Amino acid sequence: MLIVGNGRIITRDDEAPYLERGAVAIDGDSICAVGDEAELKAAHPGAEYVDAHGGVIMPGLVNCHTHIYSGLARGLAIEGCNPHNFLENLEQQWWKIDRNLTLDGDRASAYATILDSLRDGVTTIFDHHASFCEVPGSLFAIKDVAEECGIRACLCYETSDRDGQEKCDQAIAENAEFARWAAEARASGDNHMVAAMFGGHATFTLSDETMDKMAEANDGLTGFHIHVCEGMNDVWDSRERRGGITPVERLLQHGLLGPDTMLGHCIHVTPAEMEIVRETGTHLVNNPESNMGNAVGCAPVLEFFRRGIDVCMGTDAYTHDMLESLKAFICIQRHNAAMPNVGWGEAMQMLFRNNAAMATKYFGRQIGVLRSGAAADVIVMDYPAFTPFSGENVDGHMLFGMMGKNCRTTIVNGRVLYKDREFVAFDEERVNAWTLEEAKKLWGRLNKRTY
């Protein structure tokens, strides 16, 4: 039994959204009560106590699109990398990295990504992985790290034709094998921590034959997770090589859309494609900082919302801080619209409602809310507000004040992983030392020198 108390509580529960002072009681992997701290302590004598030190107690955050495979890239300069467009950035940097990632490199990348996520209050991630150096077993290697570190993780592999038929077939097989494992583990009732989607890179690196193979191998096990119209490459490929059919139409024809599917980016989609997305109940995921960093444009998220399309929020691994992404989203949408009064409601809906709903769908637990019966994913944020803080303006404080680095304690599935800014569930120093050695090996392979 665990009680998290001595803090303001943001529940994201419409029936009781805010408590000025209170506590959250956790029994095993579930929240059993939210309310007055004295009453909860009296009801559960002997419970372990986690002190919020007057901070903000809130649900753990969800990242709906990230890339573990980029975890060892921080500070890396690949010799000769000087991209002038999005495709060159992929070819000169990211595809070179994934072609040199071994299974140990996957594990090290997972440690780097997951530790940073937990530090930033992210308790659930949807990852889109690529490591064409060693494909078989890569998702299972990442799964093992996710289970060790305690984060909730939905994994998939980035199927692509770009490295030839053998690698493409291996990617399809890895997706299918992992999806079957996840489905069986979920059916047993013992697994609410690891889930699977079926990954595809982007339509410009996926042939019609490959899309058919993906649909056949998946056989309804799960939804698809695919980049769509991130740069203009998807658009040009469709016009020049696919007879003018649009990327979203291609996905529709091959049976890859639907309410379990999530399409990343969708910056250059047409109104007709938006209607297909809406009619099929497909979800989109926006990654604002990455889109700006890659100079690929601003996704028409406000139009997506106007049409009734569900949009989630991710980071594309540009950061692991979802509150940073929240701020970037508002800025780029307002800048693009030349309107300083748009985007607020959409931002909050994406991060705190739609992300939570996607996680709830894939993990079979109620995620993103503090209420009895929900998954015990709870974070504590240090936030000594110097302006009035109440249930009426918490989103304003999220947007203009709070950052991921305010996180002092992270609890996932009832397990205290990070407490008072220190990892308590595993040896961070040992993990970092091993990860550093794997990073040196990767950098050495990329630049053909010793680090």
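User: In this predicted model, in which loop is the place of C266?

Analyst: The model is a predicted one, and in it C266 is a residue other than glycine with a positive phi, near 55°. As for its place, C266 lies in the loop between β12 (262–265) and α9 (271–280).

User: Does C266 count as buried or exposed, and at what relative accessibility?

Analyst: A residue is called buried when its relative accessible area is under 20%. Because C266 has a relative accessibility of 1%, C266 counts as buried.

User: What is the phi of A317, and where is A317 found?

Analyst: A317 is found in the loop between β14 (311–313) and α12 (322–337), and at 16% relative accessibility A317 counts as buried. Although A317 is not a glycine, its phi is positive, at about 70°.

User: Which residues gather with D219 in a patch of negative charge on the surface?

Analyst: D219 has its place in the loop between α6 (208–218) and β11 (224–228). Since exposed means over 50% relative accessible area, D219, with 66%, is exposed. The residues that gather with D219 in this surface patch of negative charge are E209, D212 and E216.

User: What radius of gyration does the chain have, and why does it agree with a compact globule?

Analyst: The chain holds 15 helices and 18 strands, and its C-alpha atoms fill a box of roughly 65 × 50 × 45 Å along the principal axes. Buried residues make up 60% of the 451 residues. For a compact globule of 451 residues the radius of gyration would be near 22 Å, so the chain agrees with its value of 21 Å.

Methods
Residues are numbered from 1 along each chain as its sequence is written. This is a predicted model: local features need pLDDT of at least 70, side-chain atom pairs count only at pLDDT 80 or more; totals for chains, interfaces and linings use all residues. Side-chain values use heavy atoms; hydrogens and water are left out. Patches are made of residues with over 30% relative accessible area and no salt bridge: like charges are joined within 9 Å, nonpolar side chains (Val, Leu, Ile, Met, Phe, Trp, Tyr) within 5 Å. Accessible areas come from the Shrake-Rupley method with a 1.4 Å probe; for residues, only the protein chains shown count as cover. A salt bridge is a side-chain nitrogen of Lys or Arg within 4 Å of a carboxyl oxygen of Asp or Glu. Lys and Arg count as positive and Asp and Glu as negative; His and the chain ends are not counted. The place of a charge is taken as NZ of Lys, CZ of Arg, CG of Asp or CD of Glu. Helices (H or I, at least four residues) and strands (E, at least two) are DSSP runs, numbered from the N terminus. Buried means under 20% relative accessible area, exposed over 50%, partly exposed in between (1.4 Å probe, protein chains only). The radius of gyration is taken over C-alpha atoms; the globule rule is 2.2 Å times the number of residues to the power 0.38.
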